[in-house]
Amino acid sequence: MNKIALITGATAGFGKAISERLASEGYDVIITGRREERLQTLKQTLEQQYGVRVWPLAFDVRRYNEAEAAIHSLPADLQEIDVLVNNAGLAVGLAPIHEGTIDDWERMIDTNIKGLLYMTRLITPGMVARKRGHIINLGSIAGREVYPNGNVYCATKHAVGALSQAMRIDLLPYGIKTTLIAPGFAETEFSLVRFKGDEARAAKVYEGMQPLVADDIADAVAYVLSAPDHVDLQDILIMPKVQANGTLFHREKY
Ligand code: NDP
Ligand code: 8X3
């Protein structure tokens, strides 16, 4: 029987690449996100290419009731989830603390912290009962450092770091592993979302440099899952070669 992985935020960026990679390695994948059409397209592609089972669940991770109904709707043979990838998340806006937009703050806190908690609360009881499982949380360099105007986004990613530590402690007796993957700059839809659809501004973020790409993160997830059962790769910081820390980059041109 194939292992089962649930990946949140599978309609774009890291989540899509992770879903593709795990399907290519023989996992049955439960793919989630709000954009149903993208989930259906991905399902068709992955089923055709890899012959694994792909189960799309369209819901908003910010709404516990929607998440709960989606998880409870899974067929019996897809309920024993081995791997939960808490990836869905976003930055919205980039503004000093005294000018921040409350709605942007709510979206980030509700998605990056509460959404991750909701999914973890729904999936971990089964892992605890089976005494096995692996949770992979997407943190960020923004969860280790704080950069100008990144205030609330950085705070949410620091929370992901704290919650990853907490999961390791609370789930220790049950043989469940928790891995925090913390990437630096990566070109996905992330900046387009942060700048609310402003393509020119989003493209500027990566100007003159080679950022990470989604497949780099999928590689890391595959590596983490390939470790022997007794090994937990707890905490991984992945930066593009041209990024030294949260604020220092080497660009070819300005
Ligand atoms: P993308 O914008 O490319 O993808 C984000 C994914 O999250 C989409 O599939 C989106 O799906 C999903 N998502 C967002 N909000 C919700 C919601 N309310 N309910 C359900 N799904 C949601 O970004 P990335 O792939 O770059 O980001 C993935 C994760 O990695 C995030 O947690 C981000 O913070 C983190 N990260 C990103 C970095 C980067 O530079 N790109 C670096 C470090 C960490 P949909 O819109 O269909 O709901
Ligand atoms: C995304 C990376 O540095 O833009 O988490 O916050 S950064």
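**Reading the labels in a predicted model**

Biologist: Why does Asn-149 count as partly exposed?
Modeller: The relative accessibility of Asn-149 is 32%, and because buried means under 20% and exposed means over 50%, Asn-149 falls in between and counts as partly exposed. This value, like the others below, is computed from a predicted model.

Biologist: What makes the phi of Asn-149 worth a remark, and where is Asn-149 found?
Modeller: Most residues other than glycine have a negative phi. Asn-149 is not a glycine, yet its phi is positive, at about 70 degrees; the residue is found in the loop between strand 5 (133-138) and helix 5 (151-170).

Biologist: Which label does Lys-196 receive, buried or exposed, and how do you know?
Modeller: Lys-196 has a relative accessibility of 53%, and since the label exposed requires a value over 50%, Lys-196 counts as exposed. Lys-196 also has a positive phi, near 55 degrees, without being a glycine, and its place is in the loop between helix 6 (190-194) and helix 7 (199-205).

Biologist: Why is Thr-124 called buried?
Modeller: Thr-124, which lies in helix 4 (residues 102-130), has a relative accessible area of 10%; because the label buried applies under 20%, Thr-124 is buried. Leaving aside neighbours within four places in sequence, Thr-124 is in contact with Ile-135 and Leu-171.

Biologist: How do you know that the side chain of Thr-124 makes a polar contact with the backbone oxygen of Thr-120?
Modeller: The side chain of Thr-124 reaches that backbone oxygen of Thr-120 at 2.5 Å, and the cut-off for a polar contact is within 3.5 Å, so the pair qualifies.

Biologist: Is Thr-178 buried or exposed, and what does Thr-178 touch?
Modeller: Thr-178, in strand 6 (residues 176-183), has a relative accessible area of 0%, and because buried means under 20%, Thr-178 is buried. Not counting residues up to four places away in sequence, Thr-178 touches Ile-135, Asn-137, Ser-164, Met-167, Arg-168, Asp-232, Leu-233 and Gln-234.

Biologist: How do you know that strand 1 and strand 2 pair?
Modeller: Pairing requires at least two bridges, and strand 1 is joined to strand 2 (residues 28-33) by four, so the two strands, which run parallel, do pair.

Biologist: What makes both faces of strand 1 (residues 4-7) count as covered?
Modeller: Ile-4 and Leu-6 on one side are buried, and so are Ala-5 and Ile-7 on the other.

Biologist: Which side chains make polar contacts with ligand 2, and how do you know?
Modeller: Polar side-chain atoms of Ser-140 and Tyr-147 each lie 2.6 Å from an oxygen atom of ligand 2, while for an N or O atom in the side chain of Tyr-153 the distance is 2.5 Å. The cut-off is within 3.5 Å, so these pairs qualify as polar contacts. The protein covers 90% of the 240 Å² of accessible area that ligand 2 has on its own.

Biologist: What kinds of residue make up the shell around ligand 1?
Modeller: The shell around ligand 1 divides into 12 nonpolar, 11 polar and six charged residues, and helix 1 (13-24), helix 5 and helix 6 each supply at least two residues of that shell. A backbone N or O atom of Gly-9 lies 3.0 Å from an oxygen atom of ligand 1, and a polar backbone atom of Asn-87 lies 2.8 Å from an oxygen atom of ligand 1. Taken alone, ligand 1 exposes 880 Å², of which the protein buries 96%.

Definitions and conventions: Residues are numbered from 1 along each chain as its sequence is written. Chains are lettered from A and ligands numbered from 1 in the order in which they are written. This is a predicted model: local features need pLDDT of at least 70, side-chain atom pairs count only at pLDDT 80 or more; totals for chains, interfaces and linings use all residues. Side-chain values use heavy atoms; hydrogens and water are left out. A polar contact is a pair of N or O atoms within 3.5 Å; within protein, one must be able to donate a hydrogen and the other to accept it, and residues adjacent in sequence count only if both atoms are side-chain atoms. Accessible areas come from the Shrake-Rupley method with a 1.4 Å probe; for residues, only the protein chains shown count as cover. Buried means under 20% relative accessible area, exposed over 50%, partly exposed in between (1.4 Å probe, protein chains only). Contact means heavy atoms within 4.5 Å. Ala, Val, Leu, Ile, Met, Phe, Trp, Tyr, Cys and Pro count as nonpolar, Asp, Glu, Lys and Arg as charged, and the others, Gly among them, as polar.
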